[in-house]
Amino acid sequence: MQPSIALRMFQPTKRMMAVPKEEQSAHTISQRLRTLKRIPPELIPLGIVVGIAVGFAGYSMARKLVVDKQIRLSRQNRKD
């Protein structure tokens with residue numbers, strides 16, 4: 001019995017099922033460091049600036065939560 005046309009439309013073709021092979025999947029640290037060479041050089045300063053900004057934001061937020069005693073971190077006078 002042949003599948004109907006409606007069922008054949010939703011079956012994946014062989015081209016869709018084929019998984020492309022990577023050149024070399026990074027297993028070790030040295031192999032992962034070699035993959036950094038593929039990053040365009042103009043994006044490296046951008047990555048550094050974004051990394052520093054995220055670091056400062058995390059530091060600022062953590063410091064605010066620790067130092068500021070006016071912030072309520074939990075509910076008070078809760079009626080159950």
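A search of the whole structure finds one salt bridge, a salt bridge being a side-chain nitrogen of Lys or Arg within 4 Å of a carboxyl oxygen of Asp or Glu. It joins the side chains of Asp 68 and Lys 64, at 3.2 Å from N to O. The model is predicted: local features need pLDDT of at least 70, side-chain atom pairs count only at pLDDT 80 or more, and totals for chains, interfaces and linings use all residues. Residues are numbered from 1 along each chain as its sequence is written, and side-chain values use heavy atoms, with hydrogens and water left out.

**Around the salt bridge**
- Side chains of opposite charge can pair when their charged atoms come close.
- Asp 68 sits in the segment after H4.
- Asp 68 is partly exposed, because its relative accessibility is 22% (buried is under 20% relative accessible area, exposed over 50%, partly exposed in between; 1.4 Å probe, protein chains only).
- Lys 64 also counts as partly exposed, because its relative accessibility is 47%.
- The Asp 68 side chain also reaches the backbone nitrogen of Gln 70, at 3.1 Å.

**Fold and surface**
- The protein chain has four helices and zero strands (DSSP runs, numbered from the N terminus: helices are H or I with at least four residues, strands are E with at least two).
- Along the sequence the pattern reads α-α-α-α.
- Of the 80 residues in the protein chain, 1% count as buried.
- The accessible surface is about 8600 Å², with 62% belonging to carbon and sulfur atoms (Shrake-Rupley method, 1.4 Å probe; for residues, only the protein chains shown count as cover).

**Annotated span**
- An unreviewed UniProt entry lists residues 43-62 as "transmembrane region"; such annotations may be inferred rather than shown by experiment.
- In the model, residues 43-62 are 95% helix and 0% strand.
- The end C-alpha atoms of this span lie 29 Å apart.

**Confidence**
- Mean pLDDT (the predictor's confidence in each residue, from 0 to 100) is 79 for the protein chain, and 66% of its residues reach 70 or more.
- Among the elements, helix H4 (residues 44-67) has the highest mean pLDDT, 95.
- Helix H2 (residues 14-17) has the lowest, 60.

Definitions and conventions. Polar contact = N/O pair within 3.5 Å; in protein donor to acceptor, adjacent residues only side chain to side chain.
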